[in-house]
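Hi,

Here is the structure I promised to pass on. Have a look at it first, and my notes follow below.

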Amino acid sequence: MGDVLAGNHAVWEFDSDSVLIRFARGMRTPRTPRLFHALGSRRIPVEAVSGVTVTAGKRDTVVLRAHPRPGADPLMEAAAGQLKESCDPYRLVLPGERAPCAAAFAEALRLRLGPDAAEPADRFLVDVPGPPRHLKAYDARVGFDGSAVAFRWSRTGATSTKWKAGDQRYPLSALTGVEWRSPDGPGGHLRLLLRDAAADPRPDHDLAAAVFGMGYGAAHESLPFAAAVLAAVRGRAAVSAVPGARPGDDRLRHLSELHTAGLLTDAEYTALRDRFTADSR
């Protein structure tokens, strides 16, 4: 048993190598975000954290926030900065009088961070949340069986383009990534990024995209779904497979191939490119 902090919507427990976050367990608050209910609990390895801060919050509260390393958590990679502050699973709000406890917790975690904490992770380090097997969007039902993503178009919601083309199925080998646009804003959708085909900029016409709408594709359902697909796609060719014994030019060329294939984000590619360039000097 390590240090424990109970705040609004969650309890954080810190052990030597991870932080266990239990969402909404025993919390008497009706406004707990539905995403937290969906997540249930998550174990965040210390190596997946880049830093931790304690700041003053609203209405005499204090906010403890762990900052995930880029590339470490498939949920946060899929979210791409679109989550509202109140729905940030790495943010814990505490009563103001708990500020000393929050500071001690943060310091204990900070002391465990490794020398690479500020660098992008070379693979996903946080387990993907268990998604629903099926996602109900406005114009489709989307299914994921672990090996492929399937779209079954809705008669009432799908455009004629999608309906005429018929239902679609995409194996993981055909994908390079996933694009999630929050249903809380305009243009919400889930789009598969295909290896050998350009995406139609209109999600309602893209045969590899499902459109969200009022009551369809809610974040607590669609974001874990997107994260699970993204983790499965990345798992086919881990970033850690970039070889370290090749000459500098070969390593950079291989790195570029991974980036072009969508197996490295822009941030991961830039960080590794700069590192390999420095090593070759």
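The expected span of a helix is 1.5 Å times one less than its number of residues. Before the details, a caveat: this is a predicted model, where local features need pLDDT of at least 70 and side-chain atom pairs count only at pLDDT 80 or more, while totals for chains, interfaces and linings use all residues. Residues are numbered from 1 along each chain as its sequence is written, and side-chain values use heavy atoms, with hydrogens and water left out.

Helices first. α3 takes in residues 99-110, which makes 12 residues, and its first and last C-alpha atoms are 16 Å apart, close to the 16 Å expected at 1.5 Å a residue. Buried here means under 20% relative accessible area, exposed over 50%, and partly exposed in between (1.4 Å probe, protein chains only). On that scale A102, F105, A106 and L109 are buried in α3. They cover an arc of only 95° around the axis, so they sit on the same side of α3; the arc is that of the directions from the helix axis to the C-beta atoms. The cover over the buried residues of α3 includes β1 (3-7), β2 (10-14), β3 (18-23), β5 (49-56), β6 (61-68) and β7 (91-95), with contact meaning heavy atoms within 4.5 Å.

Then there is α5 (residues 219-235): its 17 residues should span 24 Å at 1.5 Å a residue, and the end C-alpha atoms are 23 Å apart, which agrees. Of those 17 residues, 14 are buried, so α5 is largely enclosed by the rest of the structure.

Now the aromatics. Rings of Phe, Tyr and Trp (its six-membered ring) pair if their centres lie within 6.5 Å; planes under 30 degrees apart count as stacked, over 60 as edge-to-face and the rest as tilted. That rule gives 7 aromatic pairs. In one of them, F14 and F105 have ring centres 5.8 Å apart and planes at 55°, so the pair is tilted. It links distant parts of the chain, with F14 in strand β2 and F105 in helix α3, 91 residues apart. F14 is buried at 7% relative accessible area, and F105 is buried at 2%. Ring pairs also bring W12 into a cluster with F14 and F105.

Another pair, F151 with Y170, is edge-to-face, at 6.0 Å centre to centre and 80° between the planes. F151 lies in strand β10 (residues 148-153) and Y170 in strand β11 (residues 168-171), so this pair ties together parts 19 residues apart in sequence. Both F151 and Y170 are buried.

What about polar contacts? These are pairs of N or O atoms within 3.5 Å; within protein, one must be able to donate a hydrogen and the other to accept it, and residues adjacent in sequence count only if both atoms are side-chain atoms. D139, in the loop between β8 (134-136) and β9 (140-144), is buried at 1% relative accessible area. A polar atom of the D139 side chain lies 3.0 Å from the backbone nitrogen of V211. Over in strand β12 (residues 175-181) is E179, whose side chain makes a polar contact with the side chain of H189 (2.7 Å).

Cheers

How values were computed. Helix = DSSP H or I, 4+ residues; strand = E, 2+ residues; numbered from the N terminus.
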